[in-house]
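Subject: Structure for your review

Hello,

Here is the structure I said I would pass on.

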Amino acid sequence: DNSEFYQSISGSFVFSELLKSQKWLSYGKLRASWAEVGSSNGVNPYDGVLTYGIGANPFNGQTTATVNGNVAPNQFLRPFSVREKEIGLELRMFNNRVFLDVAAFDKVTTDQILGVVLSNTSGYDQSKQNLGSLKNSGVEFLIEVTPVQTRNFTWTTSWNNAFLATEVLSVGAPDEIIVVNWGTTGLEFIGQLRYVEGLPMNQIYARTYKRDERGQILLTDQGRLIPSDDYVSFGSSIPKFTGGWNNSFRYKNLSLGLHLDYKLGGYVISSTALNANRQGHSQQSLVGRREGENGVVFPGVYQSSGEANTSAVAPNVFYADYRNNQMGDIVTFKSDFVKLRNITIAYNLTDMLRKSGSLRFIKGLTVRASCRNAALLYKDIPDLDPEAIQSSGDFRTGYENTSLPTTRNFNISLNAKF
């Protein structure tokens, strides 16, 4: 049975039609919707079929064949299902000088398709199965206000924000699943991405410092780090808040636009920081190499005696231990950023053209200059642009690996209408 049935319903109520006596209310509407959709995203056309390949080298003159791939086919895979509810309120007030749009949503994904690790004695490494159940809920709002509006000058400001809360409802048995083990891929260096029941999606896991019952960090007799026995969560890679603040100013024919945006609440492991520490290219790695220092004397206690550490460790050895021990403490950062995204200035020359008889065939003329990615106002991760490391794919979100610098763009344009 390859058929799926999806349904949806939505409605709205323009209540301002019943409140025409309320002069302050220009427009008001309530809306609500419910929908169910599905997708087989992440499943290739022949994932449910056993396929074969022809061997490159014959055996005793006979052509050989082999089973393709390392993913066991699952003919019972079905599309995952998403059910979403949303309710919203839209208001325009005071002759449309104030606009408000608020919406709350709740989305549950069931039968999420996840890769399940298999014993390699089966001939396969993993199999795709319908296991996951995930929940996304939140609130989005937009408020736009025109504080000043005169014949020659107008200022309009708007702020939009989305709050997102995620939760893993189920991943089958056991109650957590490793989505990707970055420490073993050969492309990354450290950590894991997990779905854990009851926690937000995309948990970043790595080892941390081993501590005693008083919380003191334990070290070897040589002053080197000791990793914790188990991996621990450093937080979710998914930002909780996303939004922006836009301002538009107009004075006669001159206009100015300023746009700030932000993402807050996520975490990321940085392999650039990890390798920069190991190779002595970061500010962090100066500890132990500054004048008067002959190594890193880490603030901790000896595991064997409980006495304070006084042993210096060569910096290249000390920082390499984070990689070797899969410890994420000094290379896990907030992925937060606040940016001055755009600055735009424009001048409308149309009125000047109307005074010139020879140029009246031009109906409109505007010159515009803009700058994108004008300034990075706040970030937590050193030496990198947090936005450059973000990924929409589950297997890479939360991990940064040799990110390239972002660009600042300048643009000048002339727009003519005839």
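Please keep in mind that the model is predicted.

Cores. The largest nonpolar core has 38 residues. Those touching the most other members are Tyr195, Tyr209, Leu225, Ile269, Phe298, Phe318 and Tyr322. Two or more residues each come from strands E10 (176-181), E11 (192-196), E12 (203-206) and E17 (267-270), and from helices H1 (271-279) and H2 (315-324). Another core, of five residues, lies apart from it; Phe15, Leu91, Met93 and Val98 are among its members. As background, nonpolar side chains tend to be buried together in soluble globular proteins.

Helix H2. Its buried residues are Pro315, Phe318, Tyr319, Ala320, Asp321 and Tyr322, and the buried residues of H2 pack against H1. Just after H2, Gln326 has a positive phi of about 60°.

Ser237. This residue sits in the loop between strands E14 (232-236) and E15 (241-251). Ser237 counts as buried because its relative accessibility is 6%, under the 20% cut-off. Its side chain makes a polar contact of 3.2 Å with the side chain of Thr397. Leaving aside residues up to four places away in sequence, Ser237 touches Leu193, Asn202, Ile204, Gly266, Tyr267, Thr397 and Gly398.

Regards

Note on methods. Residues numbered from 1 in each chain as written. Predicted model: local features only at pLDDT ≥ 70, side-chain atom pairs only at ≥ 80, totals over all residues. Heavy atoms only, no water. Core = buried A, V, L, I, M, F, W, Y, C linked by side-chain atoms within 4.5 Å. Buried < 20%, exposed > 50% of the residue type's maximum accessible area, 1.4 Å probe, protein only. Helix = DSSP H or I, 4+ residues; strand = E, 2+ residues; numbered from the N terminus. Polar contact = N/O pair within 3.5 Å; in protein donor to acceptor, adjacent residues only side chain to side chain. Contact = heavy atoms within 4.5 Å.
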